[in-house]
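Subject: A structure for you to look at

Hello,

Here is the structure I promised to pass on. Have a look through it, and then read on for what turned up.

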Amino acid sequence: MTLGNSMLIPVLPEIEKVLGISSFQVSMLITVYSIVAIICIPIAGYLSDHIGRKNVIIPSLIIAAIGGLLSGFAAWQMENPYWILIIGRLLQGIGAAGAAPIVMPLVGDLYSDEKEVSEGLGMIETSNTLGKVLSPILGAALAMAVWYMPFFAFPIFCFISILLMLFLVKEPQMKKDAPAFLAFLQSLKVIFKREGRWLYAVFTVGGICMFVLFGVLFYLSTMLEETYQIVGMKKGILLAIPLAALCISSYATGKVIGEEKQKMKWLTVFGIGLLTIAVISVSFSKDIYLLLTALFVSGIGIGIALPSLDALVTEGIKMEQRGSITSFYSSMRFVGVALGPPVFALLMKTSHFFMFIANGVICLLALILVLIAIKPDEEVKATWS
């Protein structure tokens, strides 16, 4: 599902030229996917708590595949396909909302041991990031044939995922006495009233991580092509550098966090601290090597923070509300994905220094939020008990 968004990143400048649209308009191909996912994820989370994870994931993959086919066909056959592309991306966003975010609570359901859950979530975050690593390379390679080929590739991945879900995933049986909708809303109200401080902090920090990641990738994709005339596979490989760092650090973090909540907090602090330092350092120079180095460090930082945040949310919520609560977390991450490209497109019209110093301040605020709001000994301990 990560391929559905990230595979387009290296192709966006080409789409902008072919369709004759602005950088803001082309960024909407990423944003509309994410906005509709933000709206649909809580609905999908609620449904998954009541009818089962697979019963939501598989139909969602079918919808996402249809969206990819529609976008690809419009780009292939229509002279002015922009708005049909937007509709296709909207369908992909609906499908994404009911697929990738539901995997997180599913992992929580599959294991009873918290250490196994943490390792599983680390693997999910690693797989998520591996998709991001492969995306720019694969997207650039497919676009070398024709720019709209990534749209047609996506349904193939969906079909493979459907087969894997059908035959290889055996989910635990959901409880039959699921609460009515009003009772469910009341239970959510109780959870947020009791655990709101650390939950809101985790949601916000997760969103900021994705905002910075996708915003910087959008900026880097544009700069490599416009300033350095780096295109095609070479561009895809350079875009994959920070994502590869994210992938490796996600895997390692998932292995070490176990079930220790304090460790989850301080690893998050360390990861966001690395991200903050890296982003602020870029503001002082436009040197491409400094930028790539800082992005590599940023990838490590985000890769350390995300599995820790995932584990805090997933392990801290009972199975009956897990899909719904983690869906709000996933929605906030999609808010970051949605805002990153268009905000960076607007900031690129100001100055390099302002763009990165402003984002450095946002990262610093996220670091302060983790330090102040996430206190496992006080809030999270009550949830696990």
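This is a predicted model: local features need pLDDT of at least 70, side-chain atom pairs count only at pLDDT 80 or more; totals for chains, interfaces and linings use all residues.

Residues are numbered from 1 along each chain as its sequence is written, and side-chain values use heavy atoms, without hydrogens and water.

H10 also bends by about 40° at Ile 241, with Pro 242 following within four residues; the bend is the angle between axes fitted to the seven residues ending there and the seven starting there. Just after H10, Gly 258 has a positive phi of about 55°.

Pro 242 turns up again in the lining of the largest cavity, along with residues including Val 212, Leu 275 and Ile 302. A cavity is a set of points on a 1 Å grid over the protein atoms alone where a 1.4 Å probe fits but cannot get out, and lining residues have an atom within 4 Å of a point. The largest cavity holds about 60 Å³, where a volume is the space filled by probe spheres set on the points, joined across faces, edges and corners. Helices H9 (181-226) and H12 (288-315) each give at least two residues to this lining.

The second largest cavity holds about 50 Å³, and H8 gives the largest share of its lining, three residues.

Enjoy exploring!

Note on methods. On a 1 Å grid over the protein atoms alone, a cavity is a set of points where a 1.4 Å probe fits but cannot get out, and a pocket is an open set with protein on both sides within 12 Å along at least five of seven lines; lining residues have an atom within 4 Å of a point.
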